[in-house]
Amino acid sequence: MITGASSGIGEATTRALAKRGWYCVLLARRADELERIAGEIGGEWEVCDVADRAQVDDVAARVLERHPAIGLLVNNAGIPARGSFLDVDPELVERVTAVNYLGSVWCLRAFADGLRAARDAHVVNLVSVAGTVAFAPAGAYAASKHAQLAFSRSTAALLRPSGIQVHTIMPGFVETEGFPQRTKLQSRMLLRFVLEPEDVAEAVIKAIEKGKTEMTVPWFPYRLAAVGQALVPGIFSRLVTSRAGQHRGE
């Protein structure tokens with residue numbers, strides 16, 4: 001099961017998994033793109049807005065009737081939310097929380113029985129480096145990813161006794177349809193570290209195959225930023241704020 005599978009990281013991950021023999025069921029809101037990709041990889045698809053808990057439950061019921069055991073759930077669906085907490089639209093604050101954080105919660109709950117039925121199941125949560133760094137110019141986005149990171153770490157401990165491995169992937173800037181980083185970033189240094197969706201897809205595969213609990217992609221410089229936020233939050237906050245004028249992305 002792969003959410004947000006109609007483009008970007010979700011599509012790249014779907015294709016990478018299919019090449020390794022996984023039978024994929026794609027979830028997203030755009031039926032035309034889902035149908036195209038599923039047809040090309042020989043998978044299935046369902047239209048689903050992960051922010052809608054009732055819709056997630058309905059889709060899960062249909063999928064589990066066809067596939068009682070689910071070996072892998074990839075919580076990838078996500079949307080951007082540019083702007084500070086003082087100027088971003090209130091509706092966007094609610095929407096980004098519902099998709100980026102609650103969408104993962106609803107999908108895990110809905111597909112939990114299928115994961116338990118599999119002998120060796122995995123859950124992959126596509127979080128973000130933004131889940132470790134509080135960045136004011138995209139505060140609502142960062143907050144949604146902080147919540148998703150806490151959810152991922154909590155469920156890793158919760159599900160381990162059941163034989164379900166939870167993997168947390170924290171990419172840095174990735175060039176996708178919804179996150180056009182190369183046209184938003186002004187920092188030349190950060191532009192050097194912009195990833196392609198395929199780079200993140202390979203990290204997902206590595207996490208599953210090698211049993212990695214958490215992965216920051218790439219490790220440098222993003223892991224250092226996370227450590228800086230944790231060790232010297234005041235200094236780090238001032239540094240990030242001073243550079244906010246050079247940044248227009250998440």
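This is a predicted model: local features need pLDDT of at least 70, side-chain atom pairs count only at pLDDT 80 or more; totals for chains, interfaces and linings use all residues.
Starting with the overall picture, the protein chain carries 10 helices and 7 strands. Of its 250 residues, 52% are buried.

On to the inside. In soluble globular proteins, nonpolar side chains tend to be buried together. Here, the largest nonpolar core has 37 residues, and Met-1, Leu-73, Phe-111 and Leu-115 are the ones with the most contacts inside it. At least two residues of this core come from each of β2 (25–28), α3 (53–66), α4 (90–117), β5 (121–126), α5 (139–159) and β6 (164–171). The top contributor is α4, which gives 9 residues. Phe-111 shows how the pieces meet: setting aside neighbours within four places in sequence, Phe-111 is in contact with Met-1, Leu-27, Ala-60, Val-63, Leu-64, Ile-70 and Leu-73. There is also a second, separate core of 27 residues, with Ile-9, Val-200, Ala-203 and Val-217 among them.

Most of α1 is covered, with 9 of its 12 residues buried. The buried set is made up of Gly-8, Ile-9, Gly-10, Glu-11, Ala-12, Thr-13, Thr-14, Ala-16 and Leu-17. So what does the covering of these buried α1 residues include? Strands β1 (2–3), β2, β4 (72–75) and β5 are part of the cover, as are helices α2 (31–41) and α8 (197–210). Just after α1, Gly-21 adopts a positive phi of about 95°.

Searching the whole structure for disulfides turns up 0. Cys-24 counts as buried because its relative accessibility is 4%, under the 20% cut-off. Cys-48, with a relative accessible area of 3%, is buried as well. Cys-48 takes part in no disulfide: the nearest cysteine sulfur belongs to Cys-107 and lies 5.9 Å away, whereas a disulfide calls for sulfur atoms within 2.5 Å.

Conventions. Residues are numbered from 1 along each chain as its sequence is written. Side-chain values use heavy atoms; hydrogens and water are left out. Helices (H or I, at least four residues) and strands (E, at least two) are DSSP runs, numbered from the N terminus. Buried means under 20% relative accessible area, exposed over 50%, partly exposed in between (1.4 Å probe, protein chains only). A nonpolar core is a set of buried Ala, Val, Leu, Ile, Met, Phe, Trp, Tyr and Cys residues joined through side-chain atoms within 4.5 Å. Contact means heavy atoms within 4.5 Å.
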